[in-house]
Amino acid sequence: MTILCVRFQLPPMYEAALPGLLGLLEEFTPVVEALPPDGALADLRGAERYFGRDAVELASVIRVRALAHHGIDCVIGAGPGPMLARIALRDARPGVTRAVPVDAVAEFLADKPVAVLPGVGAATARTLCEYGLDTLGRVAAAPLSTLQRLVGAKAGRDLHEKANGIDRGRVVPNAVSRSLATERPFDRDELDPERHRRALLSAAEEIGARLRAVEKVCRTLTLTVRYADLSHSRTGSSGGTPNATTRSRTLTEPTAHSAALAKTVYGMYDALGLQRARVRAIALRAEGLTPAEQASHQLSFDPVDERVRRIEEVADRARAKFGPRAVMPGRLAA
């Protein structure tokens, strides 16, 4: 076991703490890949030799230091490769590292559902299950030619290798997150458009605050509206699921300004023309992230816009000092 997959138990909207936690991992190895908003992969092959401890022992040290220096607990999965470490993380819990020994990979994977494999989406999983290939053990035992007939030549070969525990992935240092996402589920199927709009505003403010916390701006917003039934299901430029509508829109200029994000999201929602839609949840994703310092900004002489931006700055300072709930999303005027 040489790869750790670590998920820090960060409060929502607290990606700003992630760089410091990544620095903790980099005290053990320079091969660290960030998995925003709250995780990372770490390749400990050199660290095991240098410190004379195995990955599980080093994971315990990392957990103790995260608690002592940052007050943040974490869950950790360990395995011979990144894919196996990620899957092991699903079974991990605070205080106990879930490790997959090299000689027990087949046994570990055998009873796992096929959907746990990276790259296996809902459609592929459904196809495999229709033919009785609902666990990785059954997929591993299936002939390669059968898998290739079901999902295609390249995908079938990749699936066969992964189900047999062949992990060709690697940890890529300094990988940059390209998106941030949040979701607003409703307690019950919601008909009220005003409640929909409040959820949209809350999501836009959260995304804006998170972008500013990590000093990023986004270029594209993707809105997904999930319904209680199929009555309003449609797909947009980004596709969709049978009971959801997805729309994407490129912003006129990259931004982390919550008011600008909210205005765009409102426009996307209004364009759907929903009539008494029973909405189950609303999700928002910011994509095409780039460093804020590299973004250009059109100067505005609108006093209202400037006032809102100053309010955002104050709210961000309050969050940084008192935590992410110091200013609840959806409470600022857009």
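Rings of Phe, Tyr and Trp (its six-membered ring) count as a pair if their centres lie within 6.5 Å, and planes under 30 degrees apart are called stacked, over 60 edge-to-face and the rest tilted. The views below come from a predicted model, in which local features need pLDDT of at least 70 and side-chain atom pairs count only at pLDDT 80 or more, while totals for chains, interfaces and linings use all residues. Residues are numbered from 1 along each chain as its sequence is written, and side-chain values use heavy atoms, with hydrogens and water left out.

**View A. Phe-28, Tyr-50 and Phe-51 form one aromatic cluster.** A search of the whole structure finds 2 aromatic pairs. Phe-28 and Phe-51 make a tilted pair, 5.6 Å from centre to centre and with 50° between the planes. This pair links distant parts of the chain, since Phe-28 lies in the loop between α1 (18–26) and β2 (32–35) and Phe-51 in helix α2 (residues 45–51), 23 residues apart; helices (H or I, at least four residues) and strands (E, at least two) are DSSP runs, numbered from the N terminus. Phe-28 is buried, at 9% relative accessible area, whereas Phe-51 is partly exposed, at 35%. The rings of Tyr-50 and Phe-51 have centres 5.0 Å apart and planes at 85°, so this pair is edge-to-face. Tyr-50 is exposed, at 68% relative accessibility. Here buried means under 20% relative accessible area, exposed over 50%, and partly exposed in between (1.4 Å probe, protein chains only).

**View B. Helix α1 packs with helix α3 (residues 55–70).** The angle between them is about 140° and their axes are 10 Å apart, where axes are lines fitted to C-alpha atoms, for helices over the stretch in contact, and angles run from 0 to 180 degrees between N-to-C directions. That makes α1 oblique to α3, because angles under 35 degrees count as roughly parallel, over 145 as roughly antiparallel, 65 to 115 as roughly perpendicular and the rest as oblique. In contact, meaning heavy atoms within 4.5 Å, Gly-20, Leu-21, Leu-24 and Leu-25 of α1 meet Ile-62, Arg-65, Ala-66 and His-70 of α3.

**View C. Helix α4 (residues 82–89) is largely enclosed by the rest of the structure, because 7 of its 8 residues are buried.** The buried residues are Pro-82, Met-83, Leu-84, Ala-85, Ile-87, Ala-88 and Leu-89. These residues pack against several elements, including β1 (3–8), β3 (39–43), β4 (74–79) and α9 (153–163).
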